[in-house]
Number of protein chains: 2
Amino acid sequence: MKPYVIGIDMGGTNTVFGIVDARGAVIASSSIKTGKHAKFADYVDELYAEITKLIEQNDAVDKIHGIGIGAPNANYYTGEIADGVNLPWPTPIPLVEEFRNKFGVPVTATNDANAAAIGEMTYGAARGLKDFIMITLGTGVGSGIVINGQVVYGHDGFAGELGHVIMKRNNGRLCGCGRTGCLEAYCSANGVARTAREFLETRNEPSLLRNMDIEDITSKDVYDAATAGDALAKEIFDYTGNILGQALADMTVFSSPEAFILFGGLAKSGELLMRPLRESMNRNMMAIFKGKPKVLLSELKEADAAILGASALGWEAK
Amino acid sequence: MKPYVIGIDMGGTNTVFGIVDARGAVIASSSIKTGKHAKFADYVDELYAEITKLIEQNDAVDKIHGIGIGAPNANYYTGEIADGVNLPWPTPIPLVEEFRNKFGVPVTATNDANAAAIGEMTYGAARGLKDFIMITLGTGVGSGIVINGQVVYGHDGFAGELGHVIMKRNNGRLCGCGRTGCLEAYCSANGVARTAREFLETRNEPSLLRNMDIEDITSKDVYDAATAGDALAKEIFDYTGNILGQALADMTVFSSPEAFILFGGLAKSGELLMRPLRESMNRNMMAIFKGKPKVLLSELKEADAAILGASALGWEAK
């Protein structure tokens, strides 16, 4: 088997990619802007040029086993990017086909959260775990479910949309998916910012957050205020952790995972999020599962995580 | 391989058992009362005597490959019956160990809903399906989840408790599990009876159900009244189907099953339940999954279903 794989993480803003060896060392990496090209073929052309350059610079010509791609709504079975993503090209996008034609090596794709789960299982906090659920707390909430050591793709390749379980059946917030009350509308970075706006508008307590334009508040601002001791900001994290704990307790009755692995910007909020999360999870957990599932943080280095997750998929590319 | 297996379905009231061949034909079957013996060992003794009789009567001596048992809270990994079940013996019960010692053949056990899922996959409505969820609508709500052709047991063997996802986070009904708002508190036979009592007490419409003692009303009474055209009784099924549809839509984002298979007494309510269920499921379904998962009814003959499900497990007994 050839010694390297290429991992590509296609985000809404940047596409990062790298050459990875069998032990998970990122030999070299780089990135391009995802939205620069009006045509998907031009985007693939630029990526091809940049990746080829990286391969030549690192003495990796003819040493690439395959390419793994993590991309929003990418389907493991069809190799296409499905509708409903914030990308500048018409969907479905024949992702795997175009890359395979261009690069002439095996290519496999899945969505970014599944890629992260595979990366965590291969190189990170989930090494040795056969049953775990990866929850990505970023702009939205994504998930990658692993059961019996295998990623759950479901009948159609779209399984694992746990950001869209309904947490509020009445008067829930509008979600990007068009429904209301989804986990993502509360426990994502955007959800935290929405909670901040809701609390500031409906309550009277003083808060450092009142010094800001309410429409510009981000989850980072809430984090900074909470770290500075702001009581309202801390309560926003309590509210977020409480709902996330309810959700993880519900997920547990489904697949009884050994651990949940949290990943993404919001997961780095430390005890501000983790304390209310653990308390809520324990309070809401069915007795038979109480105290069992661990909540772990991703162990992948931020800069490499996306590339590693995608690259792990490259080893099984056909 | 020997030509027969024994399937044992251990219910709270009756334990039914039978000799099954490789094509799923029940050669012979019988039953005993589960709760007759104060000691578990005496129960096993009686079962041994009865099953031995059945084996001798049917020329099956030395032709038994193994025994499969479906029992409440039985754990596939440990072979024990865990706490929280309505049985007359102290838990955990070393189910597999005792049967293996007594019968001298390989024995495997799992909970009754998982056994039903295996039976359905081997002989019933789920033949050829690799991703489906079995929902048993009986006194309670049980589930057996199949992903990639394998039953999901989870890290500890207790996965698939989908009767205990939370459907009402505020002011939900008390569930037998000690928490409130579980699916089982609404969409089981008991749940339907509770809905009937709630509707009768809080509303004023006339109903055939008002002719009965409110505490004695069963889901069968509600079914009979609805079939006779009673509007309130029909509305009880609408309410039940609506919540079940919400639950199935939520389960879909987890494992994206090809089908849900409904099993148990309440599943035989026909369009009274199925129409509101389908409508609710479609209304609550995330766009990417809309119209995809089928809702099917179990195809196993009522009398044989439990034995068949358990027996299918007997083939893999070790």
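## A hairpin in chain B

Which residue in strand 3 of chain B is the bridge partner of N14(B)? The partner is K33(B). This is a predicted model, and everything below describes that prediction.

Strand 2 of chain B covers residues 14–21, and strand 3 covers residues 26–33. The two strands run antiparallel, and 7 bridges join them. Together they form a hairpin, with 4 residues between the strands. In the turn sits G24(B), whose phi is positive, at about 85°.

## The sheet 3-2-1-4-5 in chain A

Now turn to chain A. An open sheet of 5 strands has the order 3-2-1-4-5, and its pairing is mixed. Strand 3 (26–33) and strand 5 (107–110) of chain A are the edge strands. Each of them pairs on one side only. From one strand to the next, the twist averages 15°.

Strand 2 (residues 14–21) of chain A is joined to strand 3 of chain A by 7 bridges. These strands run antiparallel. One pair to find is V20(A), whose bridge partner in strand 3 of chain A is V26(A). In a regular strand, side chains alternate between the two faces of the sheet.

Helices pack here too. Helix 2 (residues 95–103) of chain A touches strand 1 (4–10), strand 4 (64–70) and strand 5 of chain A. The direction of helix 2 makes about 155° with that of strand 5 of chain A. Helix 3 (residues 112–123) of chain A lies across strand 1, strand 2, strand 4 and strand 5 of chain A. Helix 3 runs at about 110° to strand 5 of chain A.

Do strand 6 and strand 9 of chain B run parallel or antiparallel? They run parallel. I135(B) stands opposite L262(B) in strand 9 of chain B.

## Where the chains meet

How many residues of chain A are in contact with chain B? There are 38, and they touch 38 residues of chain B. The size of an interface is often given as the accessible area lost when the parts come together. Here the area buried between chain A and chain B is about 3500 Å². Carbon and sulfur atoms give 58% of that area. In chain A, the residues that lose the most area to chain B are H155(A), R169(A) and F254(A). Together they account for 23% of what that side buries.

Between the chains, 20 residue pairs are in polar contact. Helix 7 of chain A gives the largest share of the side of chain A that touches chain B, with 6 residues. That side divides into 19 nonpolar, 11 polar and 8 charged residues.

## Salt bridges across the interface

Between chain A and chain B there are 4 salt bridges. Over all chains, the count comes to 30. R169(A) sits in the loop between strand 8 (150–151) and helix 4 (184–187) of chain A, while D250(B) is in helix 7 of chain B. In another, R169(B) pairs with D250(A), with the closest N and O atoms 3.1 Å apart.

## Backbone details

Most residues other than glycine have a negative phi, and most peptide bonds are trans. Some places here depart from that pattern. The bond from T91(A) to P92(A) is cis, with omega near -5°. P92(A) lies in the loop between strand 4 and helix 2 of chain A. T91(B) and P92(B) are also joined by a cis peptide bond, with omega about -5°. N148(A), which is not a glycine, has a positive phi near 55°. Look for N148(A) in the loop between strand 7 and strand 8 of chain A.

Definitions and conventions
Residues are numbered from 1 along each chain as its sequence is written. Chains are lettered from A and ligands numbered from 1 in the order in which they are written. This is a predicted model: local features need pLDDT of at least 70, side-chain atom pairs count only at pLDDT 80 or more; totals for chains, interfaces and linings use all residues. Side-chain values use heavy atoms; hydrogens and water are left out. Contact means heavy atoms within 4.5 Å. Buried area is the accessible area (1.4 Å probe) that two parts lose on being put together, summed over both. A salt bridge is a side-chain nitrogen of Lys or Arg within 4 Å of a carboxyl oxygen of Asp or Glu. A polar contact is a pair of N or O atoms within 3.5 Å; within protein, one must be able to donate a hydrogen and the other to accept it, and residues adjacent in sequence count only if both atoms are side-chain atoms. Ala, Val, Leu, Ile, Met, Phe, Trp, Tyr, Cys and Pro count as nonpolar, Asp, Glu, Lys and Arg as charged, and the others, Gly among them, as polar. Two strands pair if DSSP finds at least two bridges between them. Axes are lines fitted to C-alpha atoms, for helices over the stretch in contact, and angles run from 0 to 180 degrees between N-to-C directions.
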